[in-house]
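Hi,

I am passing a structure over to you, and my notes on it follow below. Have a look at it first, then read on.

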Amino acid sequence: MTLVRPGLAELVEGVREAVSHPAEPRTTAFAVAGVLRERLPTPEILTEEERAGDPDTYVRHTLHTEPDFSIIAVVWRPGQQTRPHDHIAWCVFGVLQGIEYETLYRDEGDHLTEIGRVANRTGDVSGFAPPGDIHKVHNIGDITAISLHVYGADLSAEPTSVRRTYHLPIR
């Protein structure tokens with residue numbers, strides 16, 4: 001039996017078209033963000049079991065991979081967060097449910113400096129391209145948050161989209 005994911009086929013088609021025109025990573029991320037805004041699916045792209053998440057850590061669900069991009073859903077229960085990290089490729093994300101809080105940092109060599117905070121709410125779409133993409137994501141809300149991430153890399157061949165995790169002091 002094949003799992004039908006509502007909205008995934010249309011999103012894949014749009015992203016495939018957007019990445020088919022060679023451009024700088026930042027330009028590609030903006031193009032893909034436009035597609036995601038137009039075709040942002042509902043949380044029902046995941047099964048009820050997938051939407052439940054895990055009490056111990058946020059959960060990633062790989063929905064689609066091909067050589068130029070991957071689509072991953074991330075489920076964050078209240079209180080779950082990442083460490084500060086950056087990525088191997090551009091990334092675009094849209095919030096399907098809840099609020100994802102993002103803290104942005106600059107690497108100062110011996111410490112990180114916080115340079116911004118953003119509350120990404122249901123329906124918000126954003127993105128970035130390395131370098132300068134150091135951030136932490138945190139669900140400080142009281143409901144499970146779900147986000148859909150499109151990465152400019154084939155994550156079937158990579159264990160993660162994270163290039164580096166930072167353990168530097170934050171000032």
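To start with the helices and the sheet: α2 lies across β4, β7 and β9, and runs at about 20° to β4. Please keep in mind that this is a predicted model.

The sheet that α2 lies across is an open one of five strands, in the order β1-β2-β9-β4-β7, with antiparallel pairing. Its edge strands are β1 (59–66) and β7 (125–128), each of which pairs on one side only. From one strand to the next, the twist averages 20°. The other helix, α1, packs on the sheet as well, where it touches β1, β2 and β9. The direction of α1 makes about 130° with that of β2.

How do the two helices sit against each other? Helix α1 covers residues 8–19 and helix α2 residues 25–39, and they pack at an angle of about 160° with 9 Å between their axes. An angle over 145° counts as roughly antiparallel, so that is the label for α1 relative to α2. Their crossing is right-handed. On the α1 side, the contact is made by Glu-10, Leu-11, Glu-13, Gly-14, Val-15, Ala-18 and Val-19. On the α2 side, Thr-28, Ala-31, Val-32, Val-35, Leu-36 and Arg-39 take part. By type, the residues of this contact divide into eight nonpolar, two polar and three charged.

Now for β9, which comes between β2 and β4 in the strand order. Is this strand buried or exposed? Seven of its seven residues (145–151) are buried, so β9 is largely enclosed by the rest of the structure. Both faces are covered: Ala-145, Ser-147, His-149 and Tyr-151 are buried on one side, and Ile-146, Leu-148 and Val-150 are buried on the other.

The pairing of β9 can be followed residue by residue:

- With strand β2 (residues 69–76), β9 pairs in the antiparallel sense over seven bridges. Here Ala-73 stands opposite Leu-148 of β9.
- With strand β4 (residues 91–97), β9 is joined by six bridges, and the two run antiparallel. Phe-93 has His-149 of β9 as its bridge partner, while Val-92 stands opposite Val-150.

With 22% relative accessibility, Asp-154 counts as partly exposed, because buried means under 20%. Which residues does Asp-154 touch, leaving aside its neighbours within four places in sequence? They are Thr-65, Glu-66, Pro-67 and Ser-70. Pro-67 is 87 residues away from Asp-154 in sequence, yet their C-alpha atoms are 4.9 Å apart in space.

Strand β5 (residues 99–107) and strand β6 (residues 112–121) pair in the antiparallel sense over nine bridges. One of the pairs is Glu-100 with Asn-120, its bridge partner in β6. The hairpin of β5 and β6 has four residues between the strands, and Gly-109 takes a positive phi near 95° there. β5 is also joined to strand β8 (residues 135–138) by four bridges, again running antiparallel, with Leu-104 opposite His-135 of β8.

One backbone detail may interest you when you set up calculations. Most peptide bonds are trans. Where is the cis one that I noted? A cis peptide bond joins Pro-130 and Pro-131, with omega about -5°. Pro-131 has its place in the loop between β7 and β8.

Finally, Leu-112 in strand β6. This residue has 0% relative accessibility and therefore counts as buried. Not counting residues up to four places away in sequence, Leu-112 touches Pro-84, Tyr-105, Arg-106, Asp-107, Ile-134, Tyr-166, Leu-168, Pro-169, Ile-170 and Arg-171. Leu-40 is another matter: Leu-112 and Leu-40 are 72 residues apart in sequence and 33 Å apart in space, C-alpha to C-alpha.

Happy to talk any of this through.

Best wishes

How values were computed:
Residues are numbered from 1 along each chain as its sequence is written. This is a predicted model: local features need pLDDT of at least 70, side-chain atom pairs count only at pLDDT 80 or more; totals for chains, interfaces and linings use all residues. Side-chain values use heavy atoms; hydrogens and water are left out. Axes are lines fitted to C-alpha atoms, for helices over the stretch in contact, and angles run from 0 to 180 degrees between N-to-C directions. Angles under 35 degrees count as roughly parallel, over 145 as roughly antiparallel, 65 to 115 as roughly perpendicular and the rest as oblique. A crossing is left-handed if the near helix is turned anticlockwise from the far one by less than a right angle, and right-handed if clockwise. Contact means heavy atoms within 4.5 Å. Ala, Val, Leu, Ile, Met, Phe, Trp, Tyr, Cys and Pro count as nonpolar, Asp, Glu, Lys and Arg as charged, and the others, Gly among them, as polar. Buried means under 20% relative accessible area, exposed over 50%, partly exposed in between (1.4 Å probe, protein chains only). Two strands pair if DSSP finds at least two bridges between them.
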